[in-house]
Amino acid sequence: MKQLALLILLSLAPPASCWAQAASKLAPEVHVFVKEDAPVIALTHVRMIDGTGAAPRTEQTVVVADGKIAAMGDTASTKIPVGAKVLDLAGRTVIPGLVGMHDHMFYPAPGGAPPLYPEHAASFPRLYLAGGVTTIRTTGSVEPYADLELKRAIDEGKMAGPKIHVTGPYLEGQGAFTLQMHQLKDAEDARRTVEYWIAQGVTSFKAYQNITPDELAAAVKAAHAHGIKVTGHLCSIGFREAAALGIDDLEHGLVVDTEFSPEKKPGECPGSVPARKALLRLEVTSGPIHEMIRDLVAHHVAITSTLPVFEISVPNRAPLDARVLDAMLPDERIYYLRRRSLISDGAAKSDWPALFRKELEFEREFVRQGGLLLAGLDPTGYGGVIAGFGDQREVELLVEAGFTPVEAIHIATSNGAEFLGELDKIGTVAAGKRADLVVIDGDPFGNIKDIEKVETVFKDGVGYDPAKLIESVRGFVGLR
Ligand SMILES: [Zn+2]
């Protein structure tokens with residue numbers, strides 16, 4: 001079943017000045033997507049969900065100047081500078097730009113073996129931004145040079161897209177399921193690989209399913225020596241062992257933890273089916289899983305929630321989103337719909353409905369015990385999980401897990417910024433921070449689905465038009 005394993009895949013931020021990007025510095029091909037670029041803009045009469053976890057406030061005004069939030073407060077008492085462009089946004093909600101923490105730049109190609117994941121540097125940056133995602137961590141790269149060049153082009157105003165924290169190539173051991181991963185030979189190879197890619201500019205790493213404990217230990221040591229964090233989608237190493245080895249974050253959550261499998265041997269990735277069946281026999285709020293949660297929290301290991309990529313494995317669950325189908329290359333649309341129906345056909349025998357419920361319960365309990373939960377989409381698996389749209393779906397699914405809309409938005413904004421060490425600049429709406437804001441034509445507090453109604457996305461104070469961004473890459477997903 002390893003072939004079917006989801007290709008599931010951290011950071012010293014560049015100086016904020018790289019991101020201070022006046023609309024005037026944007027290339028013409030980026031400027032076509034800009035709808036608000038006045039030097040001073042006041043967003044008035046909005047409902048505010050500021051990302052801190054505080055209750056929504058109505059009748060708020062945000063003043064944006066020089067790419068930053070110059071002021072915010074009650075509309076009645078917030079002074080609007082002379083000459084500001086005033087936008088009356090009654091009925092709209094403002095939230096911080098989303099911080100996508102498992103937001104790859106690649107997507108599975110339609111077709112069969114060998115599994116390949118073409119880089120989507122044409123469509124994904126625009127779709128992330130259109131979805132309200134203003135910062136991403138790529139969380140494993142199949143084209144790290146392309147990701148680094150893309151980041152540079154966006155930061156220089158030559159391409160439209162989010163702020164990118166580039167993760168290095170996958171740190172995978174022997175037994176990789178795709179040709180696009182280097183297979184480490186030993187701990188020295190892991191150390192060398194980490195050192196090389198730090199020198200190239202990546203700011204995090206991700207360990208993968210077949211890495212050995214020695215290799216992970218060497219990678220963590222080398223990365224930490226540079227102040228760089230390591231996350232993992234692990235299989236050969238259980239969560240508690242990874243925490244002891246110094247890992248900073250674990251991707252996907254409980255569903256991929258193999259430590260409870262009766263077949264688990266040290267340093268080896270066991271079969272996924274017995275491992276999952278073992279999880280289904282255990283409680284989340286007591287016993288070994290609960291002890292594992294406490295251990296992760298004690299070691300300050302974060303968990304990245306990637307519910308959309310699991311939801312597509314649950315028969316008859318993921319909504320058929322017209323926006324997603326429109327974004328796809330026609331061949332990819334056919335392939336995706338066929339895979340959906342195959343999953344649906346297997347409903348009677350599927351463990352996924354129960355596993356998915358378990359995962360939702362696990363993530364809620366992890367936060368209850370004080371863990372830092374991050375949010376991402378993971379645009380892989382069987383397809384249909386697409387940049388931007390998938391990040392919105394992640395927030396909706398966190399609400400299904402039992403978080404309030406305010407908590408879910410806090411997880412998808414502030415928590416990611418905190419983990420990246422960027423909370424002084426982004427992640428919440430506060431005076432002095434970068435003006436990364438999503439204007440929503442609706443009330444996600446009342447109905448979280450409204451998070452899909454993105455009207456304008458501000459990045460560093462420049463307001464982008466989501467409809468134009470999406471239209472410009474219609475039919476690209478599955479190809480480029
Ligand atoms: Zn991934």
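Helix H12 (residues 352–368) lies across strands S13 and S14 and runs at about 145° to S13. Here helices (H or I, at least four residues) and strands (E, at least two) are DSSP runs, numbered from the N terminus. Angles, which run from 0 to 180 degrees, are taken between N-to-C directions, and axes are lines fitted to C-alpha atoms, for helices over the stretch in contact; contact means heavy atoms within 4.5 Å. The model is a predicted one, in which local features need pLDDT of at least 70 and side-chain atom pairs count only at pLDDT 80 or more, while totals for chains, interfaces and linings use all residues. Residues are numbered from 1 along each chain as its sequence is written, and side-chain values use heavy atoms, with hydrogens and water left out.

Five strands form an open sheet with parallel pairing, in the order S10-S11-S12-S13-S14; two strands pair if DSSP finds at least two bridges between them. Strand S10 (204–207) and strand S14 (373–375) are the edge strands, each pairing on one side only. From one strand to the next, the twist averages 30°. Ser305 stands opposite Ala375 in S14.

A disulfide, defined as a pair of cysteine sulfur atoms within 2.5 Å, joins Cys235 to Cys269, with an S to S distance of 2.0 Å. The count by this rule comes to one disulfide. The torsion about the S-S bond of Cys235 and Cys269 is about 80°, so the disulfide is right-handed. The pair links distant parts of the chain, 34 residues apart: Cys235 sits in the loop between S11 and helix H6 (239–244), and Cys269 in the loop between S12 and helix H7 (272–280).

Two further helices, H3 (residues 144–155) and H4 (residues 187–200), pack at an angle of about 25°, with their axes 11 Å apart. H3 and H4 are therefore roughly parallel to each other, a term used for angles under 35 degrees. Pro144, Tyr145 and Leu148 of H3 make the contact with Tyr196, Trp197 and Gln200 of H4.

Key:
Parallel < 35°, antiparallel > 145°, perpendicular 65-115°, else oblique.
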